[in-house]
Amino acid sequence: MSSLILALTFAVTAVSVLLLLAPVGDSAVVKARAAAIRRQSQTRTGPRRPVDEEMALPFSQRVIQPLLESITRFIGRLAPHRVQEALHMKLVQAGNPTTPSRFLGIQVTVATLVGLFGFLFSLSVVKERPLLAVGMIGISVLLGWRIPDFMLSRMITSRRAQIDRALPDVLDLLSVSVEAGLGLDGAIQKVGEKFAEPIAGEFRELLKAIRLGTPRADALRGLADRTGVPDMRTFTAAVIQAEQLGVSIARVLKTQSEALRVKRKQRIQEKAMQLPVKMLFPLVFFIFPTIFIVVIGPIVLQVIESFSR
């Protein structure tokens with residue numbers, strides 16, 4: 001029984017690692033084609049058949065990866081439509097690290113793996129309390145299911161913080177570009193060229209949507225939904241309202257830029273005011289005991305020595 005459990009644990013671990021390391025979309029096929037072209041150009045031989053190119057791929061890309069893809073697609077189809085939509089929005093706000101079906105597959109794999117470890121632990125520790133063992137297994141499965149969701153939430157928070165920090169500078173560039181004579185689309189293109197990811201990619205996506213025929217208001221709302229940053233939502237709402245009312249875009253951008261500058265200054269001041277409270281706990285639990293040991297320690301040693309005499 002223990003050998004079977006260890007074998008299942010090893011299999012689930014291997015599948016989870018391969019699932020986490022598997023590339024998204026058709027990137028594996030593109031890389032394989034590029035590698036085949038490079039080999040063909042180096043050897044200067046004739047064109048190879050598709051079957052030969054497929055057989056030249058590693059075993060993981062020919063067998064394991066398609067199997068994992070089919071499993072994740074099956075798991076994705078089992079999930080309700082609302083769950084898939086909510087997960088898709090989370091992945092978009094995190095920068096699309098993977099697909100919703102693959103993320104659900106990762107959740108199932110991690111939950112199974114952690115549940116197996118919980119089962120092994122319950123067998124070795126809790127032998128005479130079956131209800132406690134079942135509770136430990138359930139908690140392990142729930143914990144394993146929540147670990148990928150927690151990591152995704154951390155990615156979303158980090159990405160939002162990066163966008164929030166760069167947004168005032170972006171609005172400054174937009175305001176200056178529009179005042180210099182560029183249109184709003186040209187100013188958005190400048191943002192995509194001058195700034196780093198992730199905010200540059202979001203504005204490039206906005207410009208692409210506008211050029212493909214999406215109404216600017218809908219493209220701006222999509223930008224706000226993809227980022228999930230409240231200041232970005234305020235900015236897009238102000239631009240949409242300015243276009244609908246015929247107000248000068250340059251004036252709106254300048255006003256939004258100044259407001260964001262003031263808001264960022266207030267946030268920095270708020271964090272500075274929180275520093276004394278945050279420093280209190282390290283002082284009390286780590287620094288003060290050390291100081292007491294250094295100052296009072298010799299006195300205590302002398303008192304003990306005097307009483308021992």
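Predicted model: local features only at pLDDT ≥ 70, side-chain atom pairs only at ≥ 80, totals over all residues.

I began with the packing of α11: its buried residues pack against α7 (130–179), α8 (184–194), α9 (199–211), α10 (216–227) and α12 (249–308). Buried here means under 20% relative accessible area, exposed means over 50%, and partly exposed lies in between (1.4 Å probe, protein chains only). A contact means heavy atoms within 4.5 Å. Helices are DSSP runs of H or I with at least four residues, strands are runs of E with at least two, and both are numbered from the N terminus.

Residues are numbered from 1 along each chain as its sequence is written, and side-chain values use heavy atoms, with hydrogens and water left out.

**Entry: α11 itself.** Which residues of α11 are buried? I listed Asp231, Met232, Phe235, Thr236, Ala238, Val239, Ile240 and Ala242. The helix covers residues 230–245, 16 residues in all, and reaches 22 Å from its first C-alpha to its last, close to the 22 Å expected at 1.5 Å a residue. That expected span is 1.5 Å times one less than the number of residues. After α11 comes Gly246, with a positive phi near 80°.

**Entry: the whole protein.** I counted 12 helices and 0 strands. Of the 309 residues, 31% are buried. For contacts with a separation of 6 or more, 64% involve residues 24 or more positions apart.

**Entry: Arg226.** I found this residue in helix α10. Is Arg226 buried or exposed? It is buried, with a relative accessible area of 18%. Leaving out residues up to four places away in sequence, Arg226 touches Val92, Gln93, Arg159, Glu202, Glu205 and Leu206. Val92 is 134 residues from Arg226 in sequence, yet their C-alpha atoms are 5.9 Å apart. The side chains of Arg226 and Glu202 make a polar contact at 2.8 Å. By polar contact I mean a pair of N or O atoms within 3.5 Å; within protein, one must be able to donate a hydrogen and the other to accept it, and residues adjacent in sequence count only if both atoms are side-chain atoms.

**Entry: salt bridges.** How many salt bridges does the structure hold? I get 15, taking a salt bridge as a side-chain nitrogen of Lys or Arg within 4 Å of a carboxyl oxygen of Asp or Glu.

I looked at Arg261 next. Asp169 forms a salt bridge with Arg261, and the closest N and O atoms are 2.8 Å apart. Asp169 lies in α7 and Arg261 in α12, so this pair ties together parts 92 residues apart in sequence. Asp169 is partly exposed at 31% relative accessibility, and Arg261 is partly exposed with a relative accessible area of 31%. Asp172 also forms a salt bridge with Arg261, the closest N and O atoms being 2.2 Å apart. Asp172 is in α7 and Arg261 in α12, so this pair links parts 89 residues apart in sequence.

Lys263 lies in α12 and Asp231 in α11, so the pair ties together parts 32 residues apart in sequence. Lys263 counts as partly exposed at 34%, whereas Asp231 is buried at 5%. Salt bridges with shared partners join Asp164, Asp231, Lys263 and Arg267 into one network.
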